[in-house]
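Trainee: I would like to learn how to read pockets and nonpolar cores in a model. Could we work through one case?

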Amino acid sequence: MSSLPQLSRKPRRPVPDSPPSRPRRAAVAMTGTLLLSLTGIAASAQPAAAATAPLKGAGTCANIDFVIRPQSAFPDTSRGRYDFRAQSTTVQKAVLCLVNAERTGLKPLKRYLSLGKKGGPTLGAAATRHAADAVRLRWWGKVEPGKNCRPVQGDPGRCDPHINPQTGSTPLSRAQAVGYGRRCASFSIGENTYAGWGASSVTPRAAVTWWMNSKPHRDTILNPAFTELYTAVAWESADPAAGSTTPAATYVQVFGRCG
């Protein structure tokens, strides 16, 4: 897929959400108060095995081959529900470790936890909501008759995984919806997406390997401007090309910087 030129706007007042149509690489610069970097594309089929060097954190990061399981695999008890939800934390930590290992010479990214109502939701909430909507609506992948999605600008045969076709939300609007940027003099947002199916393609290793083998995704991961990273994973694929194959998983990475 071909890359698109940068988009820029200069509003006089606080920035409203103007969704850029760009799944691989796009940037919206707004009078020095906002830089929105979007990078992402859903895998349209099972990602091929990486032909490049192994991930730098492969030998040191824990749980990188973790395979997410559906809620039905856990007992319907308080402990079972806890263990099901704990999978998300396991994946987040594994992805964060792998990403930071790739960012050699750069400041490591951090993941902040929301501390009750006073702390408010973090970008992690934005990632989680987008992943949940993606598997519910399943609009990623190819544009097909009857599928509700917004085509990628410059590639009308593919659906934009960053724009929710039901709500119209974008990475920027989702970040703003959880309050990100309110206390920042300037801030940046970035997003990577991934969908895989089959045991070897749903792991943190598989997702980060695929991103690192895609230049626009790798550029987002290695962007020195970002200071935060939140990763959400949801059972099932947001791309209907997966069919009924299990296991299947959908990943959403949201990067941030609040200055």
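Mentor: Note that this is a predicted model. Start with the second largest pocket, which holds about 410 Å³ of space.

Trainee: Which residues are the closest to the centre of the second largest pocket?

Mentor: They are Phe84, Arg85, Ser88, Val233 and Ala234, out of 18 lining residues. Next, assign the lining to elements. Two or more residues each come from helix H1 (78-102), helix H3 (123-137) and strand E7 (228-235). H1 gives the most, with 7 residues.

Trainee: How do the residues of that lining divide into nonpolar, polar and charged?

Mentor: The lining of the second largest pocket has 12 nonpolar residues, 5 polar and 1 charged.

Trainee: Now the cores. Which residues of the largest nonpolar core touch the most other members?

Mentor: A nonpolar core is a set of buried nonpolar residues joined through side-chain atoms within 4.5 Å. Here the largest one has 28 residues, and Leu123, Trp140, Tyr180 and Ile189 touch the most other members. Elements giving two or more residues to this core are H3, helix H4 (171-177), strand E6 (187-197), E7 and strand E8 (248-258). H3 supplies the largest share, 7 residues.

Trainee: What does tyrosine 180 touch, leaving out residues up to four places away in sequence?

Mentor: Tyr180 touches Leu123, Ala175, Phe187, Ser188, Ile189, Glu228, Gly256, Arg257 and Cys258.

Trainee: How many residues are in the second, separate core?

Mentor: That core has 25 residues, among them Ile64, Trp210, Leu229 and Ala249.

Notes:
Residues are numbered from 1 along each chain as its sequence is written. This is a predicted model: local features need pLDDT of at least 70, side-chain atom pairs count only at pLDDT 80 or more; totals for chains, interfaces and linings use all residues. Side-chain values use heavy atoms; hydrogens and water are left out. On a 1 Å grid over the protein atoms alone, a cavity is a set of points where a 1.4 Å probe fits but cannot get out, and a pocket is an open set with protein on both sides within 12 Å along at least five of seven lines; lining residues have an atom within 4 Å of a point. Grid points are joined across faces, edges and corners, and a volume is the space filled by probe spheres set on the points. Helices (H or I, at least four residues) and strands (E, at least two) are DSSP runs, numbered from the N terminus. Ala, Val, Leu, Ile, Met, Phe, Trp, Tyr, Cys and Pro count as nonpolar, Asp, Glu, Lys and Arg as charged, and the others, Gly among them, as polar. Buried means under 20% relative accessible area, exposed over 50%, partly exposed in between (1.4 Å probe, protein chains only). Contact means heavy atoms within 4.5 Å.
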